[in-house]
Amino acid sequence: MYYQYRQPSGNIGDRLKKSFVKGNALTRLIYINIGIFLLVKIIHVFIILFGQKSGMDNIILENLGISANPSFLLTHPWTVFTYMFTQFDFFHLLFNMLWLYWFGSFFLKHFTQKELTGVYLLGGICGALLYVTVYNLFPAFELSRYYSWAVGASASVMAVVFAVCLYLPQQHIYIFLIGPVKLIYLALFTAAIDILSIPSSNAGGHIAHLGGALFGYLFVLSVKHNRNIAGSTTAFFERIGRFFTRLFTDHKKMHIRHKKNVAEMNDREYNAYKKQKDDRINKILDKISRSGYESLTKEEKEILFRSGK
């Protein structure tokens, strides 16, 4: 019997880059969460080796987690975003990513990738705002607000979960040992658990979950009234997505990927893609009329050349 050895195409790093670039929004969100988790764990290893565990742990938390103290938050505004991609515990990461994968896949059957990204990010922001607001509004948190930080993708994941559950309330899912359950009941049960768990030691986490769930509800409400709040604000967050994408690929490969995926787009994605492309061409033509063809960059000339084919 004859076996032929096939040389693997690229190393693991190259395959991960290709998977990140060619994957959908759900794949990228999961990769970013896992990547930050691994980075934090690697930093922890070096912290322990240098004998600075206690002090450095606080530094990591303060710069990635979101503080309930508004004064501290004003000097660390980026944590509104970083907290929703940061998990310190493996099982925290595992369960968040499983929920995100299951309900994110369901979400993409009815909405676009941009909307998934928008719901994830805006849900996380809504969770952060509710967490900070409650901790500074109620006397029960008067002291703890000064030493409380929240981390985790749970609020963002809850926004996706509730968007699916409230958009398709009568849809059934099968739960092990329970059987078929309507999504609306799953949403209500999850919200009830979070409300009843606020007196626990993880009050901030449960409050943030409710903030994410609230945005999931607002998203569905906006869709039913033809005002998609996630889709209309995702353009701003695309800059963040481009930043992460550039970590794994150059700008030219990004354009090739978009061109290959045109056939796979639904009507809304294609219309948005076509509008963005037409706007880009118009800007280049305006630049030519103002400053002449020679003022164009190499990239702009390539775009103009491809559009004329």
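**Figure 1. Overview of the predicted model.** The protein has 14 helices and four strands, where helices (H or I, at least four residues) and strands (E, at least two) are DSSP runs numbered from the N terminus. Of its 309 residues, 39% count as buried, meaning under 20% relative accessible area with a 1.4 Å probe and protein chains only. This is a predicted model, in which local features need pLDDT of at least 70 and side-chain atom pairs count only at pLDDT 80 or more, while totals for chains, interfaces and linings use all residues. Residues are numbered from 1 along each chain as its sequence is written, and side-chain values use heavy atoms, with hydrogens and water left out.

Figure 2. Buried residues of helix 6 include Leu93, Met97, Leu100 and Phe107. Among the elements covering the buried residues are helix 2 (25–49), helix 7 (113–137) and helix 10 (203–224).

**Figure 3. The crossing of helix 7 and helix 8.** The axes, lines fitted to C-alpha atoms over the stretch in contact, come within 7 Å and cross at roughly 125°, with angles running from 0 to 180 degrees between N-to-C directions. The contact (heavy atoms within 4.5 Å) is made by residues including Gly123, Gly124 and Gly127 of helix 7 and Ala155 and Ala159 of helix 8.

How values were computed
Buried means under 20% relative accessible area, exposed over 50%, partly exposed in between (1.4 Å probe, protein chains only). A crossing is left-handed if the near helix is turned anticlockwise from the far one by less than a right angle, and right-handed if clockwise.
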